[in-house]
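Hello,

Here is the structure I promised to hand over. Please open it first, then read my notes below.

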Amino acid sequence: MGIGVAIIPGVLCISTIVMMLTFGPAGENGIYTGAAYEGVPVITWLADKVNVVFEWLFGFTTGELVGFPITALGAVGAALGLVPTFDAAGIIDNNAIAVFTAMGMCWSGYLSTHTAMLDSLGYRKLIGKAITAHTIGGLCAGIAAHWLFVLLSMIF
């Protein structure tokens, strides 16, 4: 039970903060309505400034798509909740789904579960190594998924 309770802050805090900093107002003309996913799009704004990097590495066509991998750091399940929003906005494609799947599988439990689990089991000293391995693995998986998608798209 202790491990289960220990993962809640990572999942809840990270997911909420990322969602609040990814999407802007839902209403027309930039009016906030209190709808789900409304916030101040700081992450989107920053990602759009360097989107050439995200487009080359992952094939992301807009900075909003960066919200998925960042949310996946807290909880992949919460990150999956972003996909219908991306679909409704018309900004998601098959390449993004491939990248999301690859990164999500590697980053499942990234900060929430792994950190709480290792701490609860008395292996706090391994948290840094686990996070480093997850970071490298997730980034490599996302890049590989994008370029494999590009290669297979050219063949088929």
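Helix 4 and helix 10 are roughly perpendicular to each other. Keep in mind that this is a predicted model.

Two packed helices are described by the angle between their axes and the distance between those axes. Here the angle between helix 4 and helix 10 is about 70°. Their axes are 7 Å apart. An angle from 65 to 115 degrees counts as roughly perpendicular, so this pair gets that label.

Find helix 4 at residues 51–58. Helix 10 covers residues 127–155. Which residues meet where they pack? From helix 4 come Glu-55, Trp-56, Leu-57 and Phe-58. From helix 10 come Leu-139, Gly-142, Ile-143, His-146 and Trp-147.

**A nonpolar patch**

Leu-148, Leu-151, Leu-152, Met-154, Ile-155 and Phe-156 make a nonpolar patch of about 710 Å². Take Leu-151, which lies in helix 10. Is Leu-151 buried or partly exposed? Leu-151 is partly exposed, with a relative accessible area of 42%. A patch residue needs over 30%, so Leu-151 passes that cut-off.

**A salt bridge**

Side chains of opposite charge can pair when their charged atoms come close. How many salt bridges are there? The count comes to one. The side chains of Asp-119 and Arg-124 form this bridge, at 2.9 Å from N to O. The cut-off is 4 Å, so the pair qualifies.

Check the exposure of both partners. Asp-119 is partly exposed, at a relative accessible area of 34%. Arg-124 is exposed, at 56%.

Best wishes

Technical notes:
Residues are numbered from 1 along each chain as its sequence is written. This is a predicted model: local features need pLDDT of at least 70, side-chain atom pairs count only at pLDDT 80 or more; totals for chains, interfaces and linings use all residues. Side-chain values use heavy atoms; hydrogens and water are left out. Patches are made of residues with over 30% relative accessible area and no salt bridge: like charges are joined within 9 Å, nonpolar side chains (Val, Leu, Ile, Met, Phe, Trp, Tyr) within 5 Å. Accessible areas come from the Shrake-Rupley method with a 1.4 Å probe; for residues, only the protein chains shown count as cover. Helices (H or I, at least four residues) and strands (E, at least two) are DSSP runs, numbered from the N terminus. Buried means under 20% relative accessible area, exposed over 50%, partly exposed in between (1.4 Å probe, protein chains only). Axes are lines fitted to C-alpha atoms, for helices over the stretch in contact, and angles run from 0 to 180 degrees between N-to-C directions. Angles under 35 degrees count as roughly parallel, over 145 as roughly antiparallel, 65 to 115 as roughly perpendicular and the rest as oblique. Contact means heavy atoms within 4.5 Å.
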